[in-house]
Amino acid sequence: MPRRMMVAEKAEKGSFKKSMKKLFFYCKKYWWWIALSMVFGAIGVTFQIIGPNKIQDLITLVATGLRSGGVDFAAVGKIGIFLVCIYSVGAVLSYFQQFVLTTVTQNLSKKFRRDISQKINRLPLNYFDTNMFGDVLSRVTNDVDRVGQSLNESIGTLFHSVLLFAGVLIMMFVTDWILALTVIAATVIGFAFSLIFMTRAQKYFNQNQRNLGQLNAHIEEVYSGHNVVQLFNAKKEMGDEFDKINKRLFTSGWKSQFISGVMGPIMGFVGNFGYVAVCIVGAVLALHYGGIEYIGIISAFMIYVRLFSNPLSQIAQALTNLQATSAAANRVFDFLEEKELADESGKTLVLDNVKGDVEFDNVVFGYNPNKIIIKGFSAKIRAGEKVAIVGPTGAGKTTLVNLLMRFYEVNSGDIKIDGVSTKDITRDNVHNLFGMVLQDTWLFEGTIKENLRYNTVGVSDEQIVDACKKVGIDHFIQTLSKGYDTVIDDAVNLSAGQKQLLTIARTMIENKPMMILDEATSSVDTRTEVLLQEAMDKVMEGRTSFIIAHRLSTIKNADMILVLKDGDIIESGNHEELLKAGGFYADLYNSQFEEA
Amino acid sequence: MFKLLKNLKPIDYIFMALIVGLVIFQVWLDLTMPTYSENLVNGIMGDIDLNTILINGALMLACAFGSLGSAIAVGFLVANVASRLTYNLRRKVYDKIQNFSLAEINKFSTASLITRTTNDIMNVQFFIAMGLQALIKAPIMAIWTITKIVNVSWQWTTATATVICILVLMVLLIVCLAIPKFKKIQTMMDNINRVTRENLTGIRVVRASNAEEYQNAKFEKQNNEITKTTLFANRVMGIMNPGMNLLMSGLGLAINWIGAYIIKSPLEIGSITKYMSYSMQVIMAFMLLIMIFILMPRVLVSAKRINEVLDTKDSIVPGRYTDENPDGKASVVFENVSFKYPDADEYVLHNISFTANEGETVAFIGSTGSGKSTLINLIPRLYDATEGRVLLDGVDVKDYDFEALNKKIGYVPQRGVLFKGTVKSNVNFGDNNADDEGVKDALSVAQASNFVSRMGNGIDSDIAQGGTNVSGGQKQRISIARAVARNPEIFIFDDSFSALDYKTDRKLRSALKKHTAKTTKFIVAQRIGTIKDADKIIVLDNGNMVGIGTHEELLKTCPVYQEIALSQLSKEEL
């Protein structure tokens with residue numbers, strides 16, 4: 001167990017270094033800005049450290065003045081004005097440091113987000129087969145946010161604290177080495193004392209975290225199994241379990257709450273302890289060496305003590321923050337480094353004005369190379385034909401469409417449009433040839449008009465209305481309060497059928513030479529289906545079309561029916577031919593009318 | 001928030017009184033310490049001996065330790081009060097939710113209820129722990145210190161008061177400017193999320209339309225907005241630190257500078273250091289108050305969310321009927337039942353009437369949203385019928401005591417639900433009390449014996465939290481065994497067979513038939529094959545019953561059933 005932990009820790013350290021390095025190069029553009037902010041910060045810290053030194057002079061002036069009968073107010077005023085200047089300029093500079101740093105980290109976050117978002121559109125589709133959307137989403141939001149936030153906080157703090165720590169240390173020794181040693185010793189003793197607490201703290205924090213996790217898990221289980229718990233009269237059984245965990249959580253909860261609560265007072269004590277030490281040792285020194293100048297020194301050291309003990313805990317805090325940053329940054333970089341779609345900028349062949357001949361030539365494909373789904377599929381479709389693809393679930397119908405659109409690349413074989421291999425033209429070119437209507441209707445939050453026009457340029461409002469009239473959704477849109485400018489969101493209740501009609505209208509507006517309809521009517525009731533069917537018939541007019549459907553009434557009118565089973569075409573022909581052949585399709589068709 | 005504080009127990013009030021006492025003691029120590037440092041500094045100016053130094057030093061040290069000690073004691077008490085309050089609160093919320101019906105669960109959503117029981121309560125605990133202490137300490141510290149320094153010198157007092165005013169103004173201004181922006185950033189983050197989700201869910205459409213740039217542009221718009229707003233908020237917040245440092249240093253300088261003019265004797269010079277300590281204390285007190293002010297809104301939201309749960313009225317109340325079997329027959333009658341969700345306008349079920357006799361299998365079919373699941377959920381009162389009655393054994397289900405009603409029902413949910421424990425504890429769940437043989441029998445009826453025996457420890461094999469160590473189909477079969485082991489009068493299968501393959505589905509149904517012949521069964525299904533041999537099939541369409549009869553009858557008479565059958569036959573037969 002300890003060994004494994006050590007290995008994990010090592011890996012953690014390695015990845016910490018790696019991700020910090022990546023992060024460093026990722027913000028290359030901002031190096032100069034970061035450097036500038038560091039310079040501001042350094043000057044600010046220097047001024048902050050000079051302060052006590054000048055206060056010391058001031059007090060010495062007052063003390064000697066009081067002794068000799070008259071304070072030199074002109075000299076006091078000079079120091080005062082000097083300090084006012086230094087403090088003000090210091091404050092302005094540290095604000096500038098913060099300002100520049102914020103600007104840099106926010107621009108960095110923006111770049112991260114943009115890169116991730118654009119990356120989504122450059123990844124092959126199969127990435128999304130194996131990765132959850134939620135995962136990608138949380139990288140765009142949570143992870144980037146965390147990187148931005150903690151960089152903003154930690155880098156500034158870290159730099160500032162280290163400088164301050166070093167500077168105060170130097171100034172203390174320059175001012176008085178005995179008192180400097182006193183402060184260091186007092187701080188060390190104070191920290192040692194707080195360490196007694198700290199080491200125990202981790203144990204309780206872990207325990208508390210564990211109990212909290214258990215409680216969460218229990219609650220999640222019980223709440224999501226609410227019906228079962230209720231109907232099996234298991235409330236008491238589950239409640240007892242909850243009580244047990246809740247009691248444990250109470251114990252570990254107050255302990256860890258207690259420890260994190262007294263952390264502040266302990267740090268305060270470290271400061272106080274140093275303060276007391278400075279007073280005593282300072283007084284003794286004054287006693288020995290005769291004291292007026294020590295008054296100033298002691299006053300200066302009272303400020304140094306505070307400046308000295310703060311940075312230490314801040315450095316520790318910043319380092320912990322950076323650890324979290326590293327984990328988040330790693331997740332972001334992992335995503336950004338995923339393999340992208342092949343670059344196609346070299347392809348010059350452009351296919352437009354197609355007739356619509358489509359040929360599948362011995363196509364072999366599997367999402368996973370070990371599991372071939374399409375095994376040598378061949379078919380020739382003439383321009384303007386309607387092709388219906390039928391077959392049981394898992395036969396590879398949608399896969400065929402994915403290949404046609406080049407969402408995936410074939411393992412071997414070829415798909416030709418008007419005799420040109422789709423491999424020889426760009427993916428964008430292929431996409432321009434097909435209009436698609438899918439089972440899952442996809443609309444976004446925006447006006448109906450925006451949804452219909454989507455990406456197509458040069459579409460007039462009349463054309464949009466025209467398309468809607470053709471698919472028969474115009475009337476419904478007119479009844480909405482803002483007509484075509486109604487924003488589609490959760491508040492507007494569109495039925496599945498209406499949504500599908502909108503996507504059909506969108507496809508119609510795109511006006512592409514060929515059509516793909518993938519189970520477009522599966523999620524609607526039978527009455528709506530008739531409407532959709534009519535709409536789709538209009539879209540398919542004169543276009544080579546591929547239709548995947550379950551309902552035989554849809555399929556019957558196709559010019560060619562491909563019956564797919566286990567990735568092979570087992571039959572093809574039109575409805576009459578297939579019925580006559582008396583094979584698989586005929587069986588299927590007849591079995592439905594057995595009762596008639 | 002105050003409503004939640006009513007959950008404090010008497011012991012908490014004793015603790016709070018102790019806290020007040022200790023805080024007073026601590027403030028006194030903190031205020032006494034500077035006196036000794038004043039003595040020391042003044043002594044240096046005059047004539048001081050080692051003894052005086054040591055005595056004063058020891059006293060200072062005693063003050064520092066005393067202050068730490070009482071701070072630790074206060075921390076202990078506060079942590080106790082806060083933890084006990086949340087412990088009780090958590091229990092209360094949990095119990096309340098346990099008595100919720102489906103309607104309330106859906107109203108809040110399970111995810112939200114989980115956060116309310118965990119995160120929101122933790123927020124309250126955190127606030128009480130931090131805030132309680134600050135709330136007690138800050139006023140005491142502020143007032144006491146002010147009385148100490150207000151008469152020392154009006155110049156110093158003016159300087160301190162000015163700095164405090166500027167400080168409070170500055171913090172308030174920053175907070176007022178930045179906090180609304182932070183809220184806005186939250187919604188902008190949601191927008192970023194939405195646009196990205198849109199792109200992901202529509203990825204095929206996006207690519208097919210070559211709309212990558214369109215999406216990128218849309219994202220960039222949101223991205224610019226969020227960056228702009230965050231920049232503003234962070235830049236404003238960035239003033240806080242340098243500003244505070246400047247004010248603190250400035251005050252230090254002012255006190256010294258003024259001191260140069262008002263101090264007339266070298267023996268009073270120590271009062272400068274003393275005054276500096278005091279003024280810092282006052283500022284600290286104000287900072288504490290400001291901190292509470294900043295933390296407050298978040299915890300108020302949490303408190304409100306917790307109270308929403310606690311204030312929810314139970315929509316389903318138990319009856320008092322406890323008789324196990326009033327008429328000896330497991331019959332279920334729906335009498336003109338209509339249902340709509342609370343707060344909804346439209347009815348989900350319209351005027352449903354039918355009778356299921358003992359031993360019959362009644363199946364429900366229809367498209368998604370047709371109301372099948374809702375309908376059978378009315379029997380175990382997961383919902384209550386809005387109009388009409390549901391009779392079980394001739395008694396309205398609303399008249400039954402919950403436990404008595406539940407005892408009659410073996411319910412299998414849509415998704416298999418398992419709990420941490422063993423296979424046995426999952427089958428023998430709640431008030432099921434089968435012996436090992438009974439558990440094994442139930443598993444065998446549910447077609448689960450095979451995989452359970454392969455799990456290593458048989459029925460004593462472990463089931464992980466949420467049943468993550470078994471597959472979906474296996475979970476479903478153990479859930480079915482749980483219902484079987486109950487030996488109920490009626491079974492309710494809410495689309496429970498969809499996760500099973502056809503063969504297991506068929507075997508399971510025939511085993512059920514054999515094993516539980518006298519039990520009335522209600523089956524919601526998607527697949528025609530699952531319900532083909534039911535005694536009665538009820539066809540639902542948009543909440544209306546559009547057909548009732550056997551498979552053969554419905555194929556002839558019911559158009560909706562024909563549609564469904566036709567759409568599936570291709571799948572079935574292939």
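## Burial and overall form of chain B

A residue is called buried if 20 or more other C-beta atoms, placed from the backbone, lie within 10 Å of its own, exposed if 12 or fewer do, and partly exposed in between. Of the 574 residues of chain B, 45% count as buried. This is a predicted model, in which local features need pLDDT of at least 70 and side-chain atom pairs count only at pLDDT 80 or more, while totals for chains, interfaces and linings use all residues. Residues are numbered from 1 along each chain as its sequence is written, and chains are lettered from A and ligands numbered from 1 in the order in which they are written.

Chain B has 20 helices and 12 strands; these are DSSP runs, H or I over at least four residues for helices and E over at least two for strands, numbered from the N terminus. Its radius of gyration is 36 Å, well over the 25 Å from the globule rule for 574 residues, so chain B is more spread out than a compact globule. The radius is taken over C-alpha atoms, and the rule is 2.2 Å times the number of residues to the power 0.38. Along the principal axes, the C-alpha atoms of chain B fill a box of roughly 115 × 60 × 50 Å.

## Contact between the chains

Chain A gives 111 residues to the contact and chain B gives 116. Two residues are in contact if their C-beta atoms, placed from the backbone, lie within 7 Å. On the side of chain A that touches chain B, the largest share, 24 residues, comes from helix H8 (residues 235–289) of chain A.

## Domains of chain A

An automatic or database domain assignment supplies the bounds: chain A is divided into domain 1 (11–336) and domain 2 (358–592). Taken over C-alpha atoms, the centres of these two domains of chain A are 58 Å apart.

## A sheet in chain A

In chain A, 4 strands form an open antiparallel sheet in the order S2-S1-S4-S5. Strands pair if DSSP finds at least two bridges between them. Strand S2 (374–381) and strand S5 (420–421) of chain A are at the edges with a single partner strand each, so one side of each has no neighbour in the sheet. Strand S4 (residues 412–417) of chain A pairs with S5(A) over 2 bridges, and Lys416(A) has Ser421(A) in S5(A) as its bridge partner.
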